[in-house]
There are 2 protein chains.
Amino acid sequence: MTITTPRKRADARRNQEALLDAAAAAFVSSGVDVPVREIAAKAGVGVGTIYRHFPTRADLIVAVYHHQIEACAEAGPALLAESGSPHAALGRWIDLFVDFLVTKHGLAEAFRSDSSSFETLHAHFLDRLVPVCAELLDAAVAAGEIRPGTAALELMHGVGNLCIGARSETYDPRRLVALLIAGLRNPPDRPAAARV
Amino acid sequence: MTITTPRKRADARRNQEALLDAAAAAFVSSGVDVPVREIAAKAGVGVGTIYRHFPTRADLIVAVYHHQIEACAEAGPALLAESGSPHAALGRWIDLFVDFLVTKHGLAEAFRSDSSSFETLHAHFLDRLVPVCAELLDAAVAAGEIRPGTAALELMHGVGNLCIGARSETYDPRRLVALLIAGLRNPPDRPAAARV
DNA sequence: GGCATAAACGGAACATTGTTCCGTATAGTC
DNA sequence: GACTATACGGAACAATGTTCCGTTTATGCC
């Protein structure tokens, strides 16, 4: 990102920073659905400025959580290397993903949304996380721990959906996610060389 | 529930009928999130009339799908009686529930919503369907087919969540729901401690 | 420093949708 | 036919996303 020819104006860069900070704070206090006006006010800019820097809400979300998404993506291979079994690594990685989703009000809802405003979010998750999930799935299949035939995208879609509505005292997605992962396991009647 | 003393005015009953018909049609063509004005226009009434008859959107949804919800509830005991095993009955009943949800655009989304407007929907599902699910779960636990510890409400919440975003060509909740149900199984030859 | 210009800004204005409210119309009754 | 409780209609208000354009300003050049 060198400072080449088309350098942005200083105020533009300053406002973009302010917007990211304001959005991060607003997301924490009011969820990722926080009204645009509120973010603009917190950042001390007009709404037009938000739309100029981040054409869709998804762009803003992706920018705010970029680091955390990267960290999650990079944790995949690490877990695979250090965990006893691919299936255990998959389970732990999914836990990371679930933690990421449930600690951000409304992110799971946004992730599943098929509204066009969230295309960027979908695309980014697809680019960074689905391949990681696929790697873990493949390893577990190769080790004979789980049955083949489940696509990474499908699994992540399901996990994302299960995380919707977390935060309500009466619903903890982690148990259900664990059931889902357990459901992947090879049935014991099938002779498989896998023994944990 | 007969038409006793406080009989409603004829035009009121007529409008309620018209609203139910219009809403049913609108739900099919535009999902249960269809704008209120659209339903009112289709029924040939003003929006005020909708709110008078159905204070919240959930009331309208419940009224429109009342028969189907009843049918689903009544199918539970029947399946339990005729199926080979409680777990099979549970699986088939969940399939019915999934079918019900995915054939109504947006119903799964509404079901999971914790917005106060949907309290009636929640309440009705809780009253009619959760006990049925609990009965099936208990029977399967008693038969030793699944592990105990999963609440009916939790399971239905999860299944409902998995059904969000169906209709998109690329996502079929049935496979994931099947995984979830499979995850409940209590493998007879594997001690519970082997779980990850 | 002063100036020209392209870049960026701000927020009014418009669009969509839910919800309320009250003046008006009318079904049922005597 | 008149009276009244009931019901109706739709204007009006509120919340929110999105666009648009007149105004401001940072930057490069003299």
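**Note on the predicted two-chain model**

1. At 2% relative accessibility, F125(A) counts as buried. The structure discussed here is a predicted model. F125(A) belongs to helix α7 of chain A, which spans residues 119–128. Setting aside neighbours within four places in sequence, F125(A) is in contact with I69(A), F97(A), F100(A), L101(A), F111(A) and V130(A). A78(A) lies 47 residues from F125(A) along the chain, and the C-alpha atoms of these two residues are separated by 19 Å.

2. The next point concerns the nonpolar core. In soluble globular proteins, nonpolar side chains tend to be buried together. The largest nonpolar core of this model has 128 residues, and those that touch the most other members are F27(A), I39(A) and W93(A), together with F27(B), I39(B) and W93(B). For F27(B), when residues up to four places away in sequence are not counted, the residues touched are V32(B), V34(B), I39(B), L60(B), I61(B), V64(B) and Y65(B).

3. How many residues does each chain bring to the contact between chain A and chain B? Chain A gives 27 residues and chain B gives 25 residues. The size of an interface is often given as the accessible area lost when the parts come together. Between chain A and chain B the buried area is about 2,500 Å², and carbon and sulfur atoms give 60% of that area.

4. Which elements give two or more residues to the side of chain A that touches chain B? They are α5 (86–102), α6 (107–112), α9 (152–162) and α10 (173–184) of chain A. The most is given by α10(A), with eight residues. Sorted by class, this side of chain A has 12 nonpolar, eight polar and seven charged residues.

5. Over all chains, the whole structure holds 13 salt bridges. In chain B, D11(B) pairs with R9(B) in a salt bridge whose closest N and O atoms are 2.8 Å apart. Are these two residues exposed or partly exposed? D11(B) is partly exposed because its relative accessibility is 26%, whereas R9(B) is exposed, at a relative accessible area of 62%.

6. A further salt bridge in chain B is formed by R92(B) and E82(B), with the closest N and O atoms 3.7 Å apart. This pair links distant parts of the chain: R92(B) is in helix α5 (residues 86–102) of chain B and E82(B) is in helix α4 (residues 57–82) of chain B, 10 residues apart. R92(B) is partly exposed, with a relative accessible area of 43%, while E82(B), at 54% relative accessibility, counts as exposed.

7. Finally, the side chains of R174(B) and D172(B) form a salt bridge at 3.6 Å, N to O. R174(B) is partly exposed, with a relative accessible area of 35%, and D172(B) is partly exposed as well, at 36% relative accessibility. In chain A, a network of salt bridges links D99(A), D172(A) and R174(A).

Methods:
Residues numbered from 1 in each chain as written. Chains lettered and ligands numbered in written order. Predicted model: local features only at pLDDT ≥ 70, side-chain atom pairs only at ≥ 80, totals over all residues. Heavy atoms only, no water. Contact = heavy atoms within 4.5 Å. Buried area = accessible area lost by both parts, 1.4 Å probe. Helix = DSSP H or I, 4+ residues; strand = E, 2+ residues; numbered from the N terminus. Nonpolar A, V, L, I, M, F, W, Y, C, P; charged D, E, K, R; others polar. Core = buried A, V, L, I, M, F, W, Y, C linked by side-chain atoms within 4.5 Å. Buried < 20%, exposed > 50% of the residue type's maximum accessible area, 1.4 Å probe, protein only. Salt bridge = Lys/Arg side-chain N within 4 Å of Asp/Glu carboxyl O.
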